[in-house]
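Here is a short report on one protein chain. Look over the sequence and the fold, then read on.

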Amino acid sequence: MKYLIAGLGSIGRRHMRNLIALGEKDIVLFRTRKATMPDDELAGFPVETDFHEALKKHKPDAVIVGNPTSIHLDIAIPAAEAGCAILLEKPISNSTERLGQLESAVKKSGSKVLVAFQFRFHPGLMRAKQLISDGEIGRIISAHVHFGEYLPAWHPWEDYRQGYAARADMGGGVVLTQCHSLDYLPWLVGKVRSAWGFTGKLSDLEVDVEDTAEIGLRFESGALGNLHLDFNQQPPAHRFEIIGTKGTIKWDLSDGATRIYRASAESLSISTGREIKAGGEWEAYPLPENWERNVMFLEQMKHFVAVVRGEAEPACTLEDGVRVMKLISAVHESQKTGQLAHL
């Protein structure tokens with residue numbers, strides 16, 4: 001199978017290294033040569049500077065879209081028209097414009113699209129998904145996410161002010177860039193019915209995008225959710241809590257473990273005429289031994305290779321990616337109008 005990688009920044013190179021680790025060596029690079037990282041590891045691979053010509057010349061089986069958010073669709077649409085399988089980095093674009101064009105191209109050609117929300121391949125979230133699906137905490141009542149990171153610490157080798165996350169013209173901003181939880185929370189809890197959002201540039205960072213967001217959600221099930229996102233927190237923190245009628249699930253990126261509190265039968269009793277006593281216990285599901293961050297990217301790439309070979313269907317579909325874009329649009333609409341936005 002032949003892979004064409006568009007964008008050789010940090011994520012493009014991670015995908016490239018993981019492909020090579022999986023034994024895939026037939027790789028073509030599409031470059032604008034604007035990456036801020038050394039070129040040493042790219043030596044020996046063919047390089048193209050015109051994407052349409054690269055498609056015609058090399059006829060890749062798959063395209064990996066890892067360029068800045070604002071130009072994702074410039075790559076994804078022609079790749080879909082050519083019938084390539086696509087690994088499309090999140091978010092799939094910086095707006096909902098042209099999403100219909102991509103959907104039409106995919107439908108016409110039969111292209112398979114995997115949206116690269118890598119946290120779906122994190123053992124802790126996969127465990128939480130299974131526990132919820134098994135009814136371990138009952139019916140979900142509410143869910144809460146806190147995700148804060150200091151933007152200048154992301155890529156220490158470059159000026160953070162020039163990175164895509166800090167720039168409106170490249171599709172930056174904390175809601176777009178840190179939209180992982182806008183994917184995984186509906187994945188865990190269910191589809192979102194409506195949203196509100198407060199966003200702003202509140203820190204001392206030199207960016208022209210919002211760096212802080214508070215988001216509220218109402219799910220189709222009736223459950224409520226809220227998310228805090230920011231580019232400023234030191235030390236970083238990423239965690240969630242999901243509360244159900246029979247218990248609570250917590251996850252924290254700091255140790256990667258998922259924890260569940262199962263309420264005792266006695267504490268769940270609502271019989272009148274007797275005292276109700278709280279009871280139950282926490283159980284922790286730690287990460288596998290020697291697990292490290294790249295493993296979820298590697299597992300994602302294993303899955304994508306299987307998709308390319310026709311051995312699997314995408315675990316995170318284009319429909320999922322479009323749904324996240326509509327949610328992001330709703331948050332921005334709410335910030336602009338001061339009103340609840342419906343999906």
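## Core, strands and cavity

The largest nonpolar core has 101 residues, and Phe240 and Phe304 make the most contacts inside it. Helix H10 (residues 318–337) gives the most to this core, with eight residues. The model is predicted.

What does Phe304 touch, leaving aside its neighbours within four places in sequence? Its contacts are Tyr3, Ala62, Val63, Ile64, Ala85, Ile86, Leu87 and Leu114.

Next, the strands. E2 (residues 27–30) pairs with two others, as the table shows.

| E1 (residues 3–6) | parallel | four | Ala6 |

From E1 the chain crosses through helix H1 (residues 10–21) to E2. This β-α-β crossover is right-handed.

Which way do the side chains of E2 point? Ile27 and Leu29 point one way, Val28 and Phe30 the other. In a regular strand, side chains alternate between the two faces of the sheet. Ile27, Val28, Leu29 and Phe30 are all buried.

About 90 Å³ of space lies in the largest cavity. Which residues line the largest cavity? The lining consists of Leu151, Pro152, Trp154, His155, Glu158, Tyr160, Gly163, Tyr164, Ala165 and Ala166.

Definitions and conventions:
Residues numbered from 1 in each chain as written. Predicted model: local features only at pLDDT ≥ 70, side-chain atom pairs only at ≥ 80, totals over all residues. Heavy atoms only, no water. Buried < 20%, exposed > 50% of the residue type's maximum accessible area, 1.4 Å probe, protein only. Pairing = 2+ DSSP bridges. Right-handed = clockwise from strand over helix to strand, strands pointing away. Core = buried A, V, L, I, M, F, W, Y, C linked by side-chain atoms within 4.5 Å. Contact = heavy atoms within 4.5 Å. 1 Å grid on protein atoms, 1.4 Å probe; cavity = no way out; pocket = protein on both sides within 12 Å on 5 of 7 lines; lining within 4 Å. Points joined across faces, edges and corners; volume = space filled by probe spheres on them.
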